[in-house]
Amino acid sequence: MTKTDLHNLFTAVGYAHNAAIRTLIANGPGPAYEAAADAADALEATLEVACDEYNAANPGPISVTLF
């Protein structure tokens, strides 16, 4: 995985969280929001693993802070 791949995955995580928030605003809490939030959380977990793998294979760590 390259730094560009990590950047693209980070961007996807942001879009997924935004989609979850928009779903919550549009529909209120419920199954649609839970599904969107779960999808965003899964992408975030994938990003964390990808960063760990990148750090193991390349000198100079890449860290991700999501808030």
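1. Helices (H or I, at least four residues) and strands (E, at least two) are taken here as DSSP runs, numbered from the N terminus. By that rule the protein chain has two helices and zero strands. Leu43 belongs to one of them, helix α2.

2. The model is predicted: local features need pLDDT of at least 70, side-chain atom pairs count only at pLDDT 80 or more, and totals for chains, interfaces and linings use all residues. Residues are numbered from 1 along each chain as its sequence is written, and side-chain values use heavy atoms, with hydrogens and water left out.

3. Burial over the whole chain comes next. Of the 67 residues of the protein chain, 22% count as buried; buried means under 20% relative accessible area, exposed over 50%, and partly exposed in between (1.4 Å probe, protein chains only). The chain exposes about 4600 Å², of which carbon and sulfur atoms supply 60%. Accessible areas come from the Shrake-Rupley method with a 1.4 Å probe, and for residues only the protein chains shown count as cover.

4. Among contacts in the protein chain with a separation of 6 or more, 61% come from residues 24 or more positions apart. A contact means heavy atoms within 4.5 Å.

5. Helix α1 covers residues 3–27; at 1.5 Å a residue its 25 residues should span 36 Å, and the end C-alpha atoms are 36 Å apart, which agrees. The expected span is 1.5 Å times one less than the number of residues. For α2, with 27 residues, the reach from first C-alpha to last is 39 Å, close to the 39 Å expected. Gly28 follows α1 and has a positive phi, near 75°.

6. The buried residues of α1 are Leu6, Leu9, Val13, Ala16, Ala20 and Thr23, and what covers them includes α2. In α2 the buried residues are Ala36, Ala37, Ala40, Glu44, Leu47, Ala50, Cys51 and Tyr54; their cover includes α1. An α-helix has 3.6 residues a turn, so residues three or four places apart point the same way.

7. The largest nonpolar core has seven residues: Leu6, Leu9, Val13, Leu47, Ala50, Cys51 and Tyr54. Both α1 and α2 supply at least two residues each, and α2 gives the most, with four. A nonpolar core is a set of buried Ala, Val, Leu, Ile, Met, Phe, Trp, Tyr and Cys residues joined through side-chain atoms within 4.5 Å.

8. Thr23 lies in helix α1 and counts as buried because its relative accessibility is 19%. Its side chain reaches the backbone oxygen of Ala19 at 2.8 Å. Such a polar contact is a pair of N or O atoms within 3.5 Å; within protein, one must be able to donate a hydrogen and the other to accept it, and residues adjacent in sequence count only if both atoms are side-chain atoms. Leaving aside neighbours within four places in sequence, Thr23 is in contact with Gly28, Ala32, Tyr33 and Ala36.

9. Ala40 sits in helix α2, which runs over residues 31–57. Ala40 counts as buried because its relative accessibility is 0%. Not counting residues up to four places away in sequence, Ala40 touches Ala16 and His17. From Ala40 to Gly14 the C-alpha distance is 8.1 Å, across 26 residues of sequence.

10. Asp41, also placed in helix α2, counts as partly exposed because its relative accessibility is 42%. The C-alpha atoms of Asp41 and Ala16 are 8.5 Å apart, and the two residues are 25 apart in sequence.

11. Leu43 counts as partly exposed because its relative accessibility is 28%. With neighbours within four places in sequence set aside, Leu43 is in contact with Leu9, Ala12, Val13 and Ala16. Leu43 and Phe10 are 33 residues apart in sequence, with 8.6 Å between their C-alpha atoms.
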